[in-house]
Structure formats: C-alpha cells, structure tokens
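Here is a short briefing on one protein chain. Keep the sequence and the model open beside it.

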Amino acid sequence: MQLKANFLRFKISVVCAHKPLPKSQQSMIFRRFSGRFLTAIPDSCKLKFEAKRSFRSDAALEAIANALEEKVPNLVLYNYPSFSGAFSALFAHLYHYRLRLPCLILPFSSLIPFRVEDLCLEGFERCYLLDFVVPKDFACQKTACEIVCFDHRNSALKRIGLIKEEHKKRLKIYVDTETSSSKAVYKYFSSKLTDQRSSEVEALSLLSVEDKTRVESVLDYIEDIDLRRWMLPDIKAFSFGLKDWRSRINCIINPYMYEQLLKISSADLIAYGNSYFSSRLIDAKKLLKLNKAFKIRLGRGLYGECLGMRADGNHQLSDELGKLLSLQSSAAGLRPIGAVTFVQRNNLKMCLRSTDAITNTSEVAKAYGGGGTSSSSSFIIRMDEYNQWISKL
C-alpha cells in the first residue's frame, strides 16, 4: 500500500551515544515510508496499515514497526492538539537527545487513537504518555513496559480510580491539578538530566541559557490557560497568537516542530494578538458609527433595558461591538449590557456583553436556552420574540 506522498520526513529522536550507533539506527533519523510490512516483526506485533489520513496513518504505524525492528527502547506519545502536550514532547526530545538515547515520539489523538495492538508495548522498555492519563486498555496489558504518564485535569483523577490496583504496579502516574502537564514534564526531565551528572560527564541542561527564560515564560502562559485561570497580563492576546501554531505541532507532518517550539516568544505572541484585537476594535467603532444603536427591552423588560444593534454580516465583531455598546448603555443610564444580534445558520442569535464586574448577562441567556459567563453570553431568539424586545431610540 503506497502513501500518497513519495516521501515523508519523519523525525525520530535517535542520536549517537558515546560510540557511533549502527548504521541501521542512524538511518532512523529520517526514514522513507512505503507502507509495507516488516518481516522482522513477530506475528503478534504485525501492524495492519490503513490508507487513512489520520494519526493511525501508514507513516505513524510504520514508524512504530521500524522502532520495534531497531529495538528502540523508548516510546513517547503526546496529547494532540494540545500545546502542553507539544511542549512536553519537546522536553522528552531534548532529554533523549542530550543523552543520545534512541526514542520514538508520536502525537496521540483521542479522536483517532492508537490501538493497544498498534503500539506493541511489549517491544518497548518505557512508554511516556504526555498530557493524558493512561487509557484503561493500555493499563490492563500484561507487559514489562513501564508506563509513565502526566496530566493536570481533574477528569484524570477519575480515570485513574478506574484502574485496578494490580495494574498500577508498573505505572508511574503524575497528576497535579495545580501544575500544567508541560511544566511537570519540564521539571521531570530536567531533574532526570541533572541526575545523570558524573565525574566523567559535564553537567547537562535541558535548555540553553538563551532559550531557558523565553521557554519558561511561554510555559507560564500555557499553564494559565490550561488551569483556566486567565490571570496573567495580556493572556487573551497570547492565547490568540498561539492559535496560529496549532497546525505545526504534529511532528509527523512537521519535522521541524521542536526547533520551532524553542523559538516561540510570549512577547511576540502577545504583540501579534494585541495588534489583531486593536484592528478589530477600530473596525467595530467604524461599524457602530454607521449603524445607530437602539434600545433593547431584555426579556420584554423583565431584565431591564440596554443598547443593542444588528450586526448581520459582521458577527465576527460581536464581542467588540457588545463591549462598546455596554459602555454607551451605561452612559445612557441603562443596564451596562451591549446586545448584538445577527443571523447565523438561519437562526437569529443575540450576544450579550458587559464591561461591568457586577452585571450578569448569563441570567438572560439561560432564561432563553442559552448560556455563557457573567460578562459574555448568547442565545437563539425567535424573530417574533425579538420584535417584542426592540424599540427605536
């Protein structure tokens, strides 16, 4: 079965130790994939390759087969498309690279996950699961392979509780709901690398002095998002800037992922995000000048009155428009809420925004089948009901 592309440059973290590795292992750094079976693999580990554009692709499955053939001891699976997972993969890569240990790193998607039989865990000495807890079927496997996993989600604690005690003996589970997975993995591999120090070997560091401050700053912001704190300065701008990187954190299709992650700067992402938000605010102000606001009787007056406008064709500016209307509404002596309405997928949608810390917009949204937070909410409203709410100024 042939891959659609003739070549796929798939980077496997295999480096030379103190003495050169055999040519067969050196050739694993960039390998050509043909979608064929490898006869050197035992019958129990033979992999069925499927012509699917997924994480269980020919390339990923054959990479596992190649690693088993070359007796690569370490397998790393990282949560995709999680940035915490991607940075965790970076730290695993750097650790094995510094010590010149063979290692196979692959993205793991919960939507199209690897099957237990795909991985043939009995062929590996150690398997790292980064930013996700070991699946139940993995834990139940009778194999000598040590499984080390990291997670920060509360749901992970529940899944761990479902694993039988007899299966936990070969598992090392690190779950800390107060620390993001990427930070936990960073500390873990940094500590392991420090422990390798000896009189014959220079002290090794996971990150260079040049990269350390920059990467740790990015980890602080990712943790702020992962733990849903949203407290760091310009965190929303950072989050927006980071989104553009999501397409690059699949190491199967991006062999330069590690180098690129090392160069990410929180200052650059924030600047990009702020620039984008600034341009949207300018567009929203222009639109607001062209379209006169009108009074909205929320819930036919049950929830008070505020200012609103129609934004058909410009719904992408609903957040900025809502906040501007909230300020105008407050200045006009109405409730500090901005109501932006537009047609979306043949439905009339109303978005409510407030710049006031006390006002709760979600009480209105929930009463009409919607939801959201106190400062930002939305719901679908019937046209006849909407007509009962509006009154021109």
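Among contacts in the protein chain between residues at least 6 apart in sequence, what percentage join residues at least 24 apart? The share is 65%, where contact means heavy atoms within 4.5 Å. This is a predicted model: local features need pLDDT of at least 70, side-chain atom pairs count only at pLDDT 80 or more, and totals for chains, interfaces and linings use all residues. Residues are numbered from 1 along each chain as its sequence is written, and side-chain values use heavy atoms, with hydrogens and water left out.

**Overall make-up**

- The protein chain has 14 helices and 14 strands. Helices (H or I, at least four residues) and strands (E, at least two) are DSSP runs, numbered from the N terminus.
- Of the 393 residues in the protein chain, 49% are buried. Buried means under 20% relative accessible area, exposed means over 50%, and partly exposed lies in between (1.4 Å probe, protein chains only).

**Helix packing**

- Two packed helices are described by the angle between their axes and the distance between the axes. Axes are lines fitted to C-alpha atoms, for helices over the stretch in contact, and angles run from 0 to 180 degrees between N-to-C directions.
- Helix α3 (residues 83-99) packs against helix α7 (residues 181-195) at about 10°, with the axes 8 Å apart. The two are therefore roughly parallel to each other. Angles under 35 degrees count as roughly parallel, over 145 as roughly antiparallel, 65 to 115 as roughly perpendicular and the rest as oblique.
- On the α3 side, the contact includes Phe87, Phe91, Tyr95 and Leu99. On the α7 side, it includes Val185, Tyr186, Phe189 and Leu193.
- By class, the contact of α3 with α7 has 9 nonpolar, 5 polar and 2 charged residues. Ala, Val, Leu, Ile, Met, Phe, Trp, Tyr, Cys and Pro count as nonpolar, Asp, Glu, Lys and Arg as charged, and the others, Gly among them, as polar.
- Helix α9 (residues 235-243) and helix α11 (residues 266-290) cross at roughly 100°, and their axes come within 7 Å. That makes α9 roughly perpendicular to α11.
- From α9, the contact includes Phe238, Phe240 and Leu242. From α11, it includes Leu269, Ile270, Tyr272 and Phe277.
- The contact of α9 with α11 has 9 nonpolar, 4 polar and 1 charged residues by class.

**Cysteines**

- A disulfide is a pair of cysteine sulfur atoms within 2.5 Å. By this rule the count is 0 disulfides.
- Cysteine 251 is in no disulfide, and the nearest cysteine sulfur, that of cysteine 103, is 9.8 Å away.
- Cysteine 251 counts as buried because its relative accessibility is 2%. Cysteine 306 is also buried, at 0%.

- Isoleucine 337 lies in the loop between α12 (318-331) and β10. Its relative accessible area is 0%, so isoleucine 337 is buried.
- Leaving aside neighbours within four places in sequence, isoleucine 337 is in contact with residues including Leu298, Cys306, Leu325, Leu352 and Thr361.
- Isoleucine 337 and threonine 361 are 24 residues apart in sequence, and their C-alpha atoms are 7.3 Å apart.
- Aspartate 211 is in helix α8 (residues 209-226). Aspartate 211 counts as buried, at 10% relative accessibility.
- Not counting residues up to four places away in sequence, aspartate 211 touches Leu262 and Lys263. The C-alpha atoms of aspartate 211 and lysine 263 are 7.7 Å apart, across 52 residues of chain.

**Backbone details**

- The peptide bond from tyrosine 80 to proline 81 is cis, with omega near 10°. Proline 81 sits in the loop between β3 (74-79) and α3.
- Arginine 228 is not a glycine, yet has a positive phi of about 55°. Arginine 228 is in the loop between α8 and α9, and is exposed, with a relative accessible area of 71%.
- Arginine 345 also has a positive phi, near 50°. Arginine 345 lies in the loop between β10 (338-344) and β11 (347-353), and is exposed, with a relative accessible area of 71%.
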